[in-house]
Amino acid sequence: MKPIIAPSILSADFAHLAKDMEMINRSEADWVHIDVMDGVFVPNISFGFPVLKFVAELTDKPLDVHLMIVNPEKFIHEVKALGAHTMNVHFEACTHLHRVIQQIREAGMEPAVTINPATPVALLKDIIRDVYMVLVMSVNPGFGGQAFIEHSVEKVRELRKLIDETGSKALIEVDGGVNLETGARLVAAGADALVAGSAVFANQDPEQMIRNLRNL
Ligand code: DX5
Ligand code: ZN
């Protein structure tokens, strides 16, 4: 099965965002990946809801919202108001992860849990049946264009095993340093969805790059 491709607009041209959104709309991208940062959970700030309100209006593709913020449960209403398909919260940012996952589902969105590179897959054992997706970070979150952390391929393999063993239906998404080479290895290891920022937007032909990633 072809991987789900979610271009990350963090690497888009913010001065001409509408143009980049049109490219995504024309392309074979499945979702649009949106990175929200607060300067606390991660050492960077990206964009907030007043900006995203307009971004959301520029596409009909499902929005995959990745919150790199503390207390993400405070913003369930705002994410829902964007019309988001998935709401990704970090394992490391939620004291009561089970409750947050339930609240996201009750709000009518698909809940996803994200793990940082240093967070072991084994810690997901008691939540894996409750989530729509696990997002494996293959770089330390906060910036686009970073080098892929090799160990992530092994983590995807481990996660695939955990999902199969527990009868969970969770999808596996990977985010950070994804290109044609790392993407192919991630898909072979069991990834269902790939996020790509710089690989898409730094390319001369972003639409073709999305098609190539989708055909991995
Ligand atoms: C990083 C973000 C990513 C980022 C990926 O913190 O979560 O979604 O946009 O960018 P690339 O694909 O350039 O590593
Ligand atoms: Zn992301």
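Colleague: How are the donor residues of the zinc ion (ligand 2) spaced in sequence?

Modeller: The model is a predicted one. In it, H33 (NE2), D35 (OD), H66 (ND1) and D175 (OD) coordinate the zinc ion (ligand 2). Read along the sequence, these donor residues follow the pattern H-x1-D-x30-H-x108-D.

Colleague: Which parts does the pair H66 and D175 tie together, and how many residues apart in sequence are they?

Modeller: H66 belongs to strand β3 (residues 63–68), whereas D175 belongs to strand β7 (residues 171–175). The pair therefore links parts whose separation in sequence is 109 residues.

Colleague: What is the geometry of the zinc ion (ligand 2) site?

Modeller: The coordinating atoms lie at 2.0 to 2.3 Å from the zinc ion (ligand 2). There are six donor atoms, with angles of 70 to 167° among them. The site is accordingly classed as octahedral.

Colleague: Is helix α5 roughly parallel or roughly antiparallel to helix α6?

Modeller: The axes of α5 (residues 151–166) and α6 (residues 180–189) come within 8 Å and cross at roughly 20°. Angles under 35 degrees count as roughly parallel. The relation of α5 to α6 is therefore roughly parallel.

Colleague: How do the residues of the contact of α5 with α6 divide into nonpolar, polar and charged?

Modeller: From α5, S152, V153, V156, R157 and R160 meet R185, L186 and A189 of α6. The division of these contact residues is four nonpolar, one polar and three charged.

Definitions and conventions:
Residues are numbered from 1 along each chain as its sequence is written. Chains are lettered from A and ligands numbered from 1 in the order in which they are written. This is a predicted model: local features need pLDDT of at least 70, side-chain atom pairs count only at pLDDT 80 or more; totals for chains, interfaces and linings use all residues. Side-chain values use heavy atoms; hydrogens and water are left out. Axes are lines fitted to C-alpha atoms, for helices over the stretch in contact, and angles run from 0 to 180 degrees between N-to-C directions. Helices (H or I, at least four residues) and strands (E, at least two) are DSSP runs, numbered from the N terminus. Angles under 35 degrees count as roughly parallel, over 145 as roughly antiparallel, 65 to 115 as roughly perpendicular and the rest as oblique. Contact means heavy atoms within 4.5 Å. Ala, Val, Leu, Ile, Met, Phe, Trp, Tyr, Cys and Pro count as nonpolar, Asp, Glu, Lys and Arg as charged, and the others, Gly among them, as polar. Donors are N, O and S atoms within 2.8 Å of the metal (3.2 Å for Na, K and Ca); water is not among the atoms, so sites may look incomplete. Four donors count as tetrahedral if all angles lie between 85 and 135 degrees; four count as square planar and six as octahedral if opposite donors are over 155 degrees apart and all others between 65 and 115; anything else is irregular.
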